[in-house]
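Here's a quick tour of a protein model for you to follow on screen. Have a look at the picture first, then work through the points below.

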Amino acid sequence: MIRIDSVTKRYPDGTVAVDRLSLEIPDRSITVLVGPSGCGKTTTLRMINRMVEPTEGTILLDGEDVQHQPVTTLRRNMGYVIQNAGLFQHRTIADNIATVPRMLGWGKQRARERAAELMERVGLDASLARRYPYQLSGGQQQRVGVARALAADPPVLLMDEPFSAVDPVVRKGLQDELLRLQDELGKTIVFVTHDIDEAIRLGTMVAVLREGGRLAQYAPPAELLSNPADAFVEDFLGADRGIRRLSFYTSDALELTTDAVVPADAPAERLAAVEAPYLLVTDVDGRPRGWRERGSDGDRLLSYGRPFRPGVDSLRAALDCAVLSPTGWAVAVDADGKVTGVVSQQTIGEAIRAAHTHAEPDAGEDPARGEDEKVAG
Amino acid sequence: MNGFFDIPSDLQNTWTGLIGMHLREALLPVAAGLLLALPLALLCDRFRWLYPPVLGLTTILYAVPSLAFFVVLIDYTGQTELTVMIPLALYSLVVLVPAIADGVRSVPDETLSAATAMGFGPVRRYLQVQLPIAAPAIIAGLRVATASSISLVSVGALIGNQGALGNLMAAGLKYDRPELAANAVLTTALLAVLCDVALVALRRVLTPWMPRSGRERTAAPHEELLTKGAAR
């Protein structure tokens, strides 16, 4: 465990970067430090591996003051990933990854094998080993950065805005990859970002810092979204925190109906028997084809939007499907893309209210808020 | 071409001998300048406030004519090769310190932070990360220093025949044999070109990591430095 104990960083010119910050960073989880620029998040991260020395306070790593450890030993036991990867442009990808093992005195062969193993682990093709950084895309370089940080298998990983310089699609891929890696490796990760969405997506715990390096709130992301500590945190979370909070609720309790789901070749009596205003027409394999208005002829189908998978996707995804659908109904599919049922916005709304009540019995205002924003979205 | 290679006996040297002497007098100072410039540039990088005064001082040194140096040095080192080489080493230093310092400074911050975070000490970081990445800028500086040094050696003819191919030029004037002066000029130019080609080849060997087209990602040669070298 990393324990940050009333740490202050004051620069000679009087600026306070971090102000009496205390945090307990749990083992084998991702702790995100998030906040606007100038909130001291990077300074805090750099005090953990002593790239910045605190003015006051102590940082304990497994109960031992980091100040009392030789700085090179300390750093070689902490992987560090930085924005733009910070690769050594004059070394090959394999040599970049093998940097710390080589410094720790590993043999050439062993270091090379380790580099190959890590490249596979972070999803890089083995053929890239002999390449130089300029020959890789930004996303690939960032993967190399992660592999390099993991090379000596350090228990702690410090990540300083590692994904902020890549485009949103690549960023999402890298975030997924990090979560997958974390499932496999279980490192103690301290992750700095200015992007609240990234913080909520990745963090087990999220520390929101405000300007002047003061802690505004330290909580799991779901709690952050439901109970922001003050106006600053609420503002920082953005206008749609009610919607985003739905990401933490599962959609598997949604009550699906199959009454309005009909195969394309169904007889007319079957269609006439349906009371809903819209019918979801499926193909012979049970995959969705489109919505058909009751009473209209069979050729004109309305788009069914994007389906969701109950249990896999969150309530947010289900709600999004319903909002996107021209009929206001979301289509649920299984792993093979076959329709398992449909659900209305109203039913989803009820599920949201139920989930809120379940999550916090005294929440009176939040569900209504979620409803408002659903309409707006 | 009659007598083109007919070196007057008072030079006490052959054509190839003169070339050897010329290269020695030109390149040893560049090497010495490089050896001095490397730690100096490290200091300038570590202590940023040091760079402007160092740059100012070296620029003033560069403005001192070589003859003035010879006059001062001749009391101490006599009419020797050393008297020629000391000013040349200083001139190389003047070109190389900013070349290395700027090259080293052009290394991206995140690369430096990553190195520090991996446990590189300052000296290891300088030698294994900053200098290799600054190699293109350093070699650009070496090209200027070498070309300027090769041309300046000739001035040594004024202090007791220590000018190598410059001596040949002086002999051409003395004996009214323009072909000897032409020989001296052409040979000096050839040496400068060959050394330059060698340095470009060295850069190719040292920097397989540079994009072959579009070199914007790496340290660019110092513009001001190139113009300064050309003016001399």
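How many residues of chain B are in contact with chain A? There are 16 of them, and they meet 18 residues of chain A. Keep in mind that you're looking at a predicted model.

**Where the chains meet**

- Now hop over to chain A, where 6 strands form an open sheet with mixed pairing, in the order 6-7-8-3-9-10.
- At the edges sit strand 6 (78-82) and strand 10 (214-219) of chain A, each of which pairs on one side only.
- On average, neighbouring strands of this sheet are turned by 15° against each other, if you ignore direction.
- Take one pair from it: strand 3 (residues 30-34) and strand 8 (residues 188-193) of chain A run in the parallel sense and pair over 5 bridges.
- Within that pair, you'll find A:Leu33 opposite A:Val192 of strand 8 of chain A.
- Helix 1 (residues 41-48) of chain A packs on the sheet, where it touches strand 3, strand 7 (156-160), strand 8 and strand 9 (205-210) of chain A. The direction of helix 1 of chain A makes about 150° with that of strand 8 of chain A.

**Annotated spans in chain B**

- An unreviewed UniProt entry lists residues 26-43, 55-76, 82-101, 133-160 and 180-202 of chain B under "transmembrane region".
- In the model, residues 55-76 of chain B are 91% helix and 0% strand, with end C-alpha atoms 27 Å apart.
- Residues 82-101 of chain B are 100% helix and 0% strand, and their end C-alpha atoms lie 27 Å apart.

**Two helices crossing in chain B**

- Helix 3 (residues 66-77) and helix 4 (residues 81-105) of chain B have axes that come within 9 Å and cross at roughly 135°.
- Because of that angle, helix 3 of chain B counts as oblique to helix 4 of chain B.
- Is the crossing of helix 3 and helix 4 of chain B left-handed or right-handed? It's right-handed.
- Among the residues making the contact are B:Phe69, B:Phe70 and B:Leu73 from helix 3 of chain B, along with B:Ile86 and B:Pro87 from helix 4 of chain B.
- By class, this contact has 7 nonpolar, 3 polar and no charged residues.

Note on methods
Residues are numbered from 1 along each chain as its sequence is written. Chains are lettered from A and ligands numbered from 1 in the order in which they are written. This is a predicted model: local features need pLDDT of at least 70, side-chain atom pairs count only at pLDDT 80 or more; totals for chains, interfaces and linings use all residues. Two residues are in contact if their C-beta atoms, placed from the backbone, lie within 7 Å. UniProt positions are given in the numbering used here, feature names are shortened, and annotations may be inferred rather than shown by experiment. Helices (H or I, at least four residues) and strands (E, at least two) are DSSP runs, numbered from the N terminus. Two strands pair if DSSP finds at least two bridges between them. Axes are lines fitted to C-alpha atoms, for helices over the stretch in contact, and angles run from 0 to 180 degrees between N-to-C directions. Angles under 35 degrees count as roughly parallel, over 145 as roughly antiparallel, 65 to 115 as roughly perpendicular and the rest as oblique. A crossing is left-handed if the near helix is turned anticlockwise from the far one by less than a right angle, and right-handed if clockwise. Ala, Val, Leu, Ile, Met, Phe, Trp, Tyr, Cys and Pro count as nonpolar, Asp, Glu, Lys and Arg as charged, and the others, Gly among them, as polar.
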